[in-house]
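Biologist: I have a model open on my screen and would like to learn how to read it. Could you take me through it feature by feature?

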Amino acid sequence: MSIVDDRHRLDRFAEVGLDELVALADLQVRRDRKYLVPRSFIPELIASLGAGTRVLRIGDLEAFRYESVYFDTDERLSLIHI
């Protein structure tokens, strides 16, 4: 199962285009959080999203891959160790 397999569950949410998303994000402080969850949890996660949730759609795509690059020193000084 993948997120794309659950596409029908995303259809209940309004779409947001990239231009609108960028314009809205321009007015906000951005903080990214990334979570790893078991694939089996995705249907429950999507079902729990509120009615105000919007789905980014670029062309016909609503699932995207991306790569994050984090800059740090060799000693990992930017990491906070708790």
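Modeller: We will go from confidence to fold, then to salt bridges and the surface. Please keep in mind that this is a predicted model.

Biologist: Then confidence comes first. What is the average pLDDT of the protein chain, and where is confidence lowest and highest?

Modeller: The pLDDT score is the predictor's own confidence in each residue, from 0 to 100. Here the protein chain averages 77, and 77% of its residues score at least 70. Strand β1 (residues 14-16) has the highest mean, 88, while α1 has the lowest, 67.

Biologist: How many helices and strands are there, and in what order do they run?

Modeller: The protein chain has 3 helices and 2 strands.

Biologist: How do I judge what is covered and what is open?

Modeller: Look at relative accessible area: under 20% is buried and over 50% is exposed. In this protein chain, 12% of the 82 residues count as buried. The chain exposes about 7,800 Å², with carbon and sulfur atoms supplying 56% of that area.

Biologist: What share of the contacts join residues at least 24 apart?

Modeller: Take the contacts between residues at least 6 apart in sequence: 87% of them join residues at least 24 apart. Arg9, in helix α1 (residues 7-10), gives you an example to click on. Leaving aside residues up to four places away in sequence, Arg9 touches Pro43 and Ile46. The C-alpha atoms of Arg9 and Ala47 are 7.5 Å apart, although 38 residues separate them along the chain. Arg9 counts as partly exposed because its relative accessibility is 32%.

Biologist: Now the charged pairs. How many salt bridges does a search of the whole structure find?

Modeller: The test is a side-chain nitrogen of Lys or Arg within 4 Å of a carboxyl oxygen of Asp or Glu. The search finds 3 salt bridges. In one of them, the side chains of Arg57 and Glu15 meet at 2.3 Å, N to O. That pair links distant parts of the chain, with Arg57 in the segment after β2 and Glu15 in strand β1, 42 residues apart. Arg57 also meets the side chain of Glu62 in a salt bridge of 2.2 Å, N to O.

Biologist: Which residues does the network of salt bridges link, and are Glu62 and Arg57 buried or exposed?

Modeller: The network links Glu15, Arg57 and Glu62. Both Glu62 and Arg57 are buried, whereas Glu15 is partly exposed at 45% relative accessible area.

Biologist: Which residue forms a salt bridge with Glu20?

Modeller: Glu20 pairs with Arg54, and their closest N and O atoms are 3.0 Å apart.

Biologist: Which residues make the nonpolar surface patch?

Modeller: Leu18, Leu21, Val22, Ile58, Leu61 and Phe64 make a patch of about 490 Å². Among them, Ile58 sits in the segment after β2 (54-56). Its relative accessibility is 35%, so Ile58 counts as partly exposed.

Biologist: And where does Ser48 lie?

Modeller: Ser48 is in the loop between α3 (42-47) and β2. A polar atom of the Ser48 side chain lies 2.7 Å from the backbone oxygen of Leu45. Ser48 counts as exposed because its relative accessible area is 54%.

Notes: Residues are numbered from 1 along each chain as its sequence is written. This is a predicted model: local features need pLDDT of at least 70, side-chain atom pairs count only at pLDDT 80 or more; totals for chains, interfaces and linings use all residues. Side-chain values use heavy atoms; hydrogens and water are left out. Helices (H or I, at least four residues) and strands (E, at least two) are DSSP runs, numbered from the N terminus. Buried means under 20% relative accessible area, exposed over 50%, partly exposed in between (1.4 Å probe, protein chains only). Contact means heavy atoms within 4.5 Å. Accessible areas come from the Shrake-Rupley method with a 1.4 Å probe; for residues, only the protein chains shown count as cover. Patches are made of residues with over 30% relative accessible area and no salt bridge: like charges are joined within 9 Å, nonpolar side chains (Val, Leu, Ile, Met, Phe, Trp, Tyr) within 5 Å. A polar contact is a pair of N or O atoms within 3.5 Å; within protein, one must be able to donate a hydrogen and the other to accept it, and residues adjacent in sequence count only if both atoms are side-chain atoms.
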